[in-house]
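Please look over the sequence and the model, then read the points below.

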Amino acid sequence: MIKTEALTRRYGALTAVDAVTFTVSPGEVLGFLGPNGAGKTTTMRMLAGFISATSGSASICGHDVETDSLAARACLGYLPEGAPAYGEMTVRDFLDFIADLRRLRGASRTRIDGVIERLQLQGVLDQTIETLSKGFRRRVGLAQAIMHDPPVLILDEPTDGLDPNQKHEVRALINAMAGDKTVIISTHILEEVDAVCTRAIIIARGRIVADDTPLGLAARSRYHNAVSMSLARAEQLPAARAAVAALPSVAEVEVDEAAARLTALPRDGRPLLGELSELAASNGIALTELHLEAGRLDEVFRTITA
């Protein structure tokens, strides 16, 4: 478990993190979101024991990160921003070095081979870290974070620099590990929240401004329950727009003329799908697609953090 209570960090007159309080339980994958400079990385560094809080407290698995830091760090796998490592070391030597620091012995040390295979590092084991691509350096950083099978993971931009296939693999790995672990992921990739996270916190100007499930956050969007209609015949678009706009349950209609598509935004989040389907049928509007939206996280993010 991760727990913070009024966690605060100040740099002179600047308050980078302002009385942040939250709890993350085993089995949860928390997405930690916010614009640049919001306080995400500072919060993660305090949790990992890299910097001290100005006030407030934080604990990892019941161990205070300030007063019982060694026990807290033993429970933690941390992937920091930039994945720093010793560039002159080979990947093999670096992972052996981390295993020694973690005091992995005997059967526990065989976890290195499993982690190497899981993150597909076999082909670069004898390459120095400074010669690796950004994506491979990121994977080496993730390998050192999970090597000792910690109950808590704090991952700062875990898929940064990875190609789409690698991102998919890392997300699958996080999902596979999440069942009995407590995980925090900082990310700018909103699709990652849907793909991996069971919960999301949005932080802005050092304060938590939202804490909900991804679906709960999406439901705050004005596109929640919006319906997109793709027309088979573009010449029907003006008539379709007028008919849809006339419905009392429709607040606004957006039109994409190039794609022959319109999007109806509901008034007060009312369901529109059945009503629009009936309208299309009764007005002879030929459709190729009728799509119901859950909401748009990017719009919610912009609105909350503006």
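Among contacts in the protein chain between residues at least 6 apart in sequence, what percentage join residues at least 24 apart? The figure is 67%. The model is a predicted one. Its protein chain has 306 residues, of which 47% count as buried.

**Overall layout**

- The secondary structure of the protein chain comes to eleven helices and 14 strands.
- Taken along the principal axes, the C-alpha atoms of the chain fill a box of roughly 75 × 45 × 35 Å.
- P84 and S282 are 198 residues apart along the chain, and their C-alpha atoms are separated by 62 Å.
- P84 itself is found in the loop between strand 6 (76-79) and helix 3, and with a relative accessible area of 60% this proline is exposed.

**Helix 3 with helix 5**

- Helix 3 spans residues 91-101 and helix 5 spans residues 134-146; their axes come within 10 Å and cross at roughly 25°.
- Angles under 35 degrees count as roughly parallel, and the two helices are therefore roughly parallel to each other.
- The crossing of helix 3 and helix 5 is right-handed.
- On the helix 3 side, the contact is made by V91, F94, L95 and I98; on the helix 5 side, by V140, A143 and Q144.
- Sorted by class, this contact of helix 3 with helix 5 has six nonpolar residues, one polar residue and no charged residues.

**Helix 5 with helix 6**

- Helix 5 also packs with helix 6 (residues 164-177), at an angle of about 10° and with the axes 13 Å apart.
- That angle makes helix 5 roughly parallel to helix 6.
- R139, L142 and I146 of helix 5 make this contact with Q166, V170, L173 and M177 of helix 6.
- By class, the contact of helix 5 with helix 6 has five nonpolar residues, one polar and one charged.

**Salt bridges**

- Side chains of opposite charge can pair when their charged atoms come close.
- Counting a side-chain nitrogen of Lys or Arg within 4 Å of a carboxyl oxygen of Asp or Glu as a salt bridge, the count comes to 17.
- R222 and E254 form another salt bridge between their side chains, at 3.4 Å from N to O.
- This pair also links distant parts of the chain, 32 residues apart: R222 is in the loop between helix 8 (214-218) and strand 11 (227-231), and E254 is in strand 12 (residues 250-256).
- R222 is partly exposed at a relative accessible area of 39%, and E254 is partly exposed at 23%.
- R222 and E254 belong to a network of salt bridges that also links E252 and E299.
- D298 forms a salt bridge with R302, with the closest N and O atoms 3.6 Å apart.
- D298 and R302 both lie in helix 11 (residues 297-305), four residues apart, which is about one turn of the helix.
- D298 counts as partly exposed, at 37% relative accessibility.

**A serine in strand 11**

- S230 is found in strand 11.
- Is S230 buried or exposed? At 9% relative accessibility, S230 counts as buried.
- Not counting residues up to four places away in sequence, S230 touches A260, R261, A286, L287, T288 and E289.

**Positive phi values**

- Most residues other than glycine have a negative phi.
- Phi of A19 is near 55°, a positive value in a residue other than glycine.
- A19 has its place in strand 2 and is partly exposed, with a relative accessible area of 41%.
- E157 has a positive phi of about 55°, although it is not a glycine.
- E157 lies in the loop between strand 7 (152-156) and helix 6, and it is buried, with a relative accessible area of 13%.

Technical notes
Residues numbered from 1 in each chain as written. Predicted model: local features only at pLDDT ≥ 70, side-chain atom pairs only at ≥ 80, totals over all residues. Heavy atoms only, no water. Axes fitted to C-alpha atoms, helices over the stretch in contact; angles between N-to-C directions. Parallel < 35°, antiparallel > 145°, perpendicular 65-115°, else oblique. Left-handed = near helix turned anticlockwise from the far one by under 90°. Contact = heavy atoms within 4.5 Å. Nonpolar A, V, L, I, M, F, W, Y, C, P; charged D, E, K, R; others polar. Buried < 20%, exposed > 50% of the residue type's maximum accessible area, 1.4 Å probe, protein only.
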